[in-house]
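Thanks for coming, everyone. Please bring up the model, and let's walk through it together.

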Amino acid sequence: MIHSIFFINNSGDIFLEKHYKRVIPKSICDYFFEEVTKNSSPENVPPIIQTPNHILISIYRAQMHFVAVCKSEVPPLFVIEFLHRLADIIKDYFDEVSETSIKDNVVIVYELLDEVLDNGFPLATESNILKELIRPPNLLRSLADTMTGRNSTVSATLPTGQLSNIPWRRSGVKYANNEAYFDIVEELDAIVDKFGGAVCAEVHGSIDCLIKLSGVPDLTLSFVNSRLIEDASLHPCVRHRRFEVERLLSFVPPDGGFRLMAYRASCHGNLPVPLDLRHTISFKQASGNSGHLELTVIPRPPSGRQLEDLVLTVPMPRAVSGASLVASAGKYSYDTASRTLVWTVGRLDSQKGAGSPTLCGTLVMQTGAPVPDCRPSILVSFSITGWTISGLKVNRLDLHGESKPVLHQKTSKYKPFKGVKYVTKAGKLEFRT
Amino acid sequence: MSNGGFQPYNSPMDQLGLPPPDHASSTGSQDGDRGTRSSAADPAGSAFFSGDFKKHDDLRAMLESSKDSQKLEAMRRIIAMVAKGKDCSDLFPSVVKNVVSKNSEVKKLVYVYLTRYAEEKQDLALLSIATFQRALKDPNQLIRASALRVLTSIRVPVILPIQTLALQDAVSDMSAYVRKTAALAIPKIYSLDPETKPQLMGVIEKLLADKTTLVVGVAIQAFEEICPNRIDLIHKNYRKLCELLADVQDWGQVVIINMLTRYVRTQFLDPAQQNQEQERQNPLDPDHELLLRTVRPLFQSQNAAVVMAVAQLYYHCAPPGYMNIVIRHLVRLLRASPEVQSCVLTSLSALSASSPHLLSGHLKCFYIHSTDSSSVKLVKLDILTNLATDSNFPVLLRELQAYVSSPDSELASAAVRAIGRCASQLPDTTDTCLNGLVSLLAKKDESVVAEAIVVIKKLLQVQTSDHSHMIVDLARLVDGIAIPRARASILWLIGEYCDRIPKIAPDVLRKFAKSFLEEEDQVKLQIVNLAAKLCVCNPKQARLLAQYVLNLAKYDQNYDIRDRSRFLRPLVLPDPSVAEPTLLAGKRVKKILLAPKPAPEVQSRFAENSPFQLGSLSHLLNLRLPGYQALPDWPAEQPDPSVRAVAAPAPAPSSMAAYSRGGPKEQKSKQKQQQPAEASLLDFGPTNPTAAPAAPSKSTSRPVDPFGLMPDDLLLLPTPSRMYSLVNKYSASGLQVDYSFPRTCLASGRIALSLVFTNHSSAPMRHVTLQHAAGPALQPPEPIDTLEPGVNTTRQAEVAWGDSTTACQLLLRWDNGAQEIRASVQPPVGELLAPVTMSAQQFTTESGKLKGLNEEKGRIPEAASQLSDSDLAEAVRSSANLVAVSGAPTGQLWFAGRSCASRPIPVYVALDRQANLLRVHCEQMTLGSVLHRDLCSGIAAAASKK
């Protein structure tokens, strides 16, 4: 399926390559570079590039292109998902996916690459299993290894998960503090037209967990209002039937962090976009060669909550060469290279009555350039903690399996610390002007 | 870095004249690798290896060292170089020696190195083979597997016999992991020598029969690569594959579903066809339906490739009514990474072209965000225009107009084209579109204006009504427009409709005749055309101008223009000296030049149905790639369905919970059942482990009682209902509580429970109470004051379950609260029902209303053939609280009932003994499917009792 994988950074260096069948010369990447130069930004490089004898399938993540070379028919999403999974594994191992983290750990990455695919077909992609096969770098352990003279990151025995019926969980997990954290993050995707009405709005949520529980815990997470969950995708550990019948999540979790569920929230009627925007942007004024811009944010957070991390981004047309504005709150900057105006408002404290922050002033237009005749969109990002826009709420989390009373009262009970966090963020939120 | 000590060894290597690093990196790439790039590719500064080839000698010495740590350090550095694409093949002899190393990481790295370079150093690679052969016999399964993996990855034809032998051994290895490795090795050997195909087929056949989820996925992958056309190998494994599918790793799921799509297309009849011919007649083969049902949960996979695979299976193989769910899940994928989004959109755009009604409800999902990548924007526009209908047009037009004023000029012009396409698709909207497009002409962005003109031109061609004022407007605009395509379009329009604007047309020609020399070629061509047409319609004013233009064109540099003028001149300006032939033409010249022209058609990329499988790479590129297996057409005749029957009917291999969490106590009672490893994830274990020993048959999903009672025990109890255990005497220090469903009808809609409390301990128990802890409401039983040893007492309780089988959590306390234990009662779905008596005729009409998705259908367990009708009826009634319908035709057994919820749901069960079919009609699908399963297991249990 996958013949070779190349890692390419933004400056066009192929800094890692791995071949699963016959070696494919890296000159194959020239076709890829051709596409890169054709497109203005790396995000615009098409994920699938056809060359005379090969197909290049690539993803762009963390300023890097991961390119897989295929020769024959293969489901394209299969390869794309695999590359993303690979990046996830790298992230899981080194806490971040970046050129530096890969280069610093090139041997481990190469060992991982060898383990995830065999002859181009996925072999082991569960990070719990991989971590038993190839141990991630860890300062403490490397110290211990130096002391004891043990020196190998590769395991000599098969991870138990491989053969068990819960391959996602490694065996013999033990924690002194048993904790389970759930982050429920909802993102609002919306387009608001120039009159302030939402053209389309959708809420997508996800539940990310960090589970540090000993043994083989069996968890049940139930919701107060599970009917809000419309289309969901579930981690393989979730028992499907129970979700379908009872709308609750019953699962034996993998160890560590993972995404338990992603869903689309049903939102009938109008969604409350938690802020409103007044805007006038014109590129031509009666006097002189300058435009005018005025932005006012009218926050409408749910009661008791605050808008945080509020950032407004306006991509300007090429003819705008600068901006001289006054912000009543936060800071603004104008990047002349990419022609984007970024206004970082930050946190809007509703108690203090900060009111509606404004950004107002003139836009400097390039001399001689025709007055642009387009309407830029304003991209907005914010976050509100402790609140979900759909109203989804966790009812309770039950732990079974590890707290079972064993015959004659010899129990291995532990009480885990449970934490649930709610956040609402702006996903792709844009205001048309 | 402990390499300091090895420096002195460096110098001799210098003389060997090793190639500079740039060349080294391109050993495999003689054809123009950009050397500059690879040498520049070293910003990480690994100054240690970059270019300094003296170090190789140093590495060699380290590899020879007796210390593992030295070897490991050397191997790590070598692998780092290999990863960068540098050539390290000269180290091969030193590295290969270490294949025997005891250190697992050194060994792993040597293996990695070997697979990379063995092909280049075939002779030396042979040195390592003996080690692998030995490792193949190692007791450690990981060592066996990795030896097999590396051995088969060494692309050296000489060792082919050794590889084949090792493969054949590994196929029957005890460890599933080794068998998986073996399945992966098959394509490797095949690519080395395709002659081995017959042998490999035998191996594949063996692996296909494997029952572990670990193996089946890769076995199918091997099947797909070696012999994708041997569908006959699948027959015997079809049902097993369907059952295991949910538990296979996601990558395997994709491969299996894609293969099964082809299988279904060869083995079953087209469901869409059948519906038309003999409606109401059993439209789907049970096996066909089995697959559609088992893949359905996979729509909720987190892996987009799996979702897409299921979607294409439904698209290609399911009856048309099933498509709605598919779209919903595909639309969800649009939230995933941009790469996934662009792939899914391509498939959706194909769907939107072939069946727009499916997507019409999701119009808003395709609205364009300004942050979308440019290719995504274009595909979304394509979908939006495909979805345009008269009813959603006003909304859509407003949206498209918003795109026109987007700063992205590519999107803006594409949006203009899209408006044009909408207008030509929906004739009623043409006027609105035209007005909208004309208003765009005032814009300052030239490319948008140009695009608008081109679209207007096309639309006017379609339009039959008079639009002369619009053409006049365009003619006025022409001076301000510089884009040649737009100018040419205006000229063409004026020429075509010159009779409608007799005053302006000659004037335009006059202006353009003046500027003829400065125009672009395509504009010139249109000037010539205009001149010719005007000359025919309005010779008085235009003849001289035309003559002038044609003269200019005659000496133009472009041969097309010269040709055109040469062709048109005799037609429109006949030479008086040659009278006859041109006169003839002269009469018809108007017909020739001003003939009505067919309107151009604007189509989506996927306008014609693509022949490729949805979601495949070939479909995406619209090009047949090597390895693509064409989707076969449905067979005309039903192929023999009995080929899929397995000799010994597998006793529902997934009878055990997906994950066993039973303590030793439970294990004992489960001994007779299957290994948990084989279980299906679809079937879930008891909800509450505390209650596991007590929970009544896991009714919601499992065919066999998990409690551990064998069917024999269960049937000893008479109907109304079996006895279940709530609290086991071992877990509750002597108190045992059993319960049954007396099936008495309660007006409140609650379900009655009859509880039997028994004291197995030696001391009396005081004040035994049962209280509600969680779940559905409970009307608790009366407390028992004293329970003497060896005595049992019966109490009644009621639970308001409604339609759900949610477990009712209970708290059992005795000895004044000193002892307490939690338990839960989960009713089998059959106990949630109440019987309803009705006539056979009523039954037929009522059950006829619940068809399609509301009908759960499957085979009656084969063992049931030995049961008499009355035994069978007994078996059904013991599993569910239903009543038989009298007057059913012979060979048919009908039962009717309803749920006890506040809004009762009717439930109908029909057994057709001739067709061997068990059908459950119920508008709540989950209830129906669970009941169906319970009935099947109940019948099987009754049969095995016989």
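Start at S328(A). Leaving aside residues up to four places away in sequence, S328(A) touches S356(A), P357(A) and T358(A). A contact here means heavy atoms within 4.5 Å. S328(A) sits in the loop between β17 (320-327) and β18 (331-335) of chain A.

A word on the basis. This is a predicted model, where local features need pLDDT of at least 70 and side-chain atom pairs count only at pLDDT 80 or more, while totals for chains, interfaces and linings use all residues. Residues are numbered from 1 along each chain as its sequence is written, chains are lettered from A and ligands numbered from 1 in the order in which they are written, and side-chain values use heavy atoms, with hydrogens and water left out.

Next, chain A as a whole. It has eight helices and 23 strands. Those are DSSP runs, numbered from the N terminus: helices are H or I with at least four residues, strands are E with at least two. Of the 433 residues in chain A, 58% are buried. Buried means under 20% relative accessible area, exposed means over 50%, and partly exposed is in between, with a 1.4 Å probe and protein chains only. Take the contacts in chain A with a separation of 6 or more: 68% of them join residues 24 or more positions apart.

A salt bridge is a side-chain nitrogen of Lys or Arg within 4 Å of a carboxyl oxygen of Asp or Glu. D231(A) pairs this way with R328(B), their closest N and O atoms being 2.6 Å apart.

Another bridge crosses between the chains. R335(B) and D189(A) form it, with closest N and O atoms 2.6 Å apart. R335(B) lies in the loop between α19 (323-333) and α20 (338-354) of chain B, and D189(A) in strand β8 (residues 179-192) of chain A. Which partner is buried? D189(A) is, at 7% relative accessible area. R335(B) counts as partly exposed, at 29%.

Chain B has bridges of its own. D210(B) meets R179(B), with closest N and O atoms 2.5 Å apart. D210(B) is in the loop between α12 (197-208) and α13 (213-226) and R179(B) in helix α11 (residues 176-192), so the pair ties together parts 31 residues apart in sequence.

Last, the core. The largest nonpolar core has 271 residues. Such a core is a set of buried Ala, Val, Leu, Ile, Met, Phe, Trp, Tyr and Cys residues joined through side-chain atoms within 4.5 Å. Helix α2 (residues 76-94) of chain A gives the most to this core, with 12 residues. Y314(B) is among the residues with the most contacts inside the core. Not counting residues up to four places away in sequence, Y314(B) touches residues including L292(B), F299(B) and Y322(B).
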